[in-house]
Amino acid sequence: MRRSQFAILAAAVGLAVGGCTESSTLPQEDDLTEFEAAQLATFLIDRSFNATGVGTGAQSAADPGIGTLPVALARVGFNESHTLLGECPVAGSLEVVQTVNGFADDETGEYEINAEQTQVYAECTATNEAGDFIFVLNSAPDVVANLSIAQDIDRNLTGSGAVLGAVEWTADNRFGRCDIDFEFSLSGEPGRASFSASGSICGVQFSQNASVTT
């Protein structure tokens, strides 16, 4: 499956989650709308995959994005820990402390990636694809992500993961704090993928299954 895994997630998560902010020490906090909470969840999952090398530009594990997976002429295993700078699309910074293991095979297209990450956002500014929601994130104190993703010789895809922690957000003249604790899984074959997610984001419990044509 050559299409970005995030394209699958974005389509599904956009249907899955709703949001509002929980109370914190910040005075007069504002609420996220259901749409905005979905965009936030989608962005966090995107950053997790991007840090493993499975980026948003239809890259394979043997052609990593901001990660440091090896370029493989054949099947190559890896097990490493590193700190890297993630991408904040508009401004700010993202630091990812990551332990990653698995293998990549450039000849067959197979790969397996298992990652444990701590993500620290600092004035990380991003916007959704439509450009109608611009937000700034700061970790409160951080975001932890665990994920596994694999692709077999027939381009069948399986994956699962969890994201938890908290961020402080601002958008326009609004601000708040968002607690995050959700799990997701996916499976796919060329042309079709299934996604499920459940947990809570911004104080709202959710459970959702979705099928996506790719």
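What is the order of the strands in the open sheet, and is their pairing parallel or antiparallel?

## Sheet

In this predicted model, local features need pLDDT of at least 70 and side-chain atom pairs count only at pLDDT 80 or more, while totals for chains, interfaces and linings use all residues. Residues are numbered from 1 along each chain as its sequence is written, and side-chain values use heavy atoms, with hydrogens and water left out.

The open sheet has 8 strands in the order β1-β2-β3-β4-β5-β6-β7-β8, with antiparallel pairing, where strands (E, at least two residues) and helices (H or I, at least four) are DSSP runs numbered from the N terminus, and two strands pair if DSSP finds at least two bridges between them. Because β1 and β8 (204-213) stand at the edges with a single partner strand each, one side of each is left without a neighbour in the sheet. Between β7 and β8, which run antiparallel, there are 10 bridges, and I201 stands opposite V204 in β8.

## Helix on the sheet

Helix α2 packs on the sheet, touching β1, β2, β3, β4, β5, β6 and β7, and its direction makes about 130° with that of β3; contact means heavy atoms within 4.5 Å, and such angles run from 0 to 180 degrees between N-to-C directions of axes fitted to C-alpha atoms, for helices over the stretch in contact.

## Nonpolar core

In the largest nonpolar core, which has 43 residues, L137, C178, F182 and F184 touch the most other members. Of the elements, α2 (34-52) is one that supplies at least two residues, and α2 gives the most, with 7 residues. Such a core is a set of buried Ala, Val, Leu, Ile, Met, Phe, Trp, Tyr and Cys residues joined through side-chain atoms within 4.5 Å, buried being under 20% relative accessible area with a 1.4 Å probe and protein chains only.

Leaving aside neighbours within four places in sequence, F182 is in contact with residues including A41, I45, V163, I201 and F206.

Note on methods: Buried < 20%, exposed > 50% of the residue type's maximum accessible area, 1.4 Å probe, protein only.
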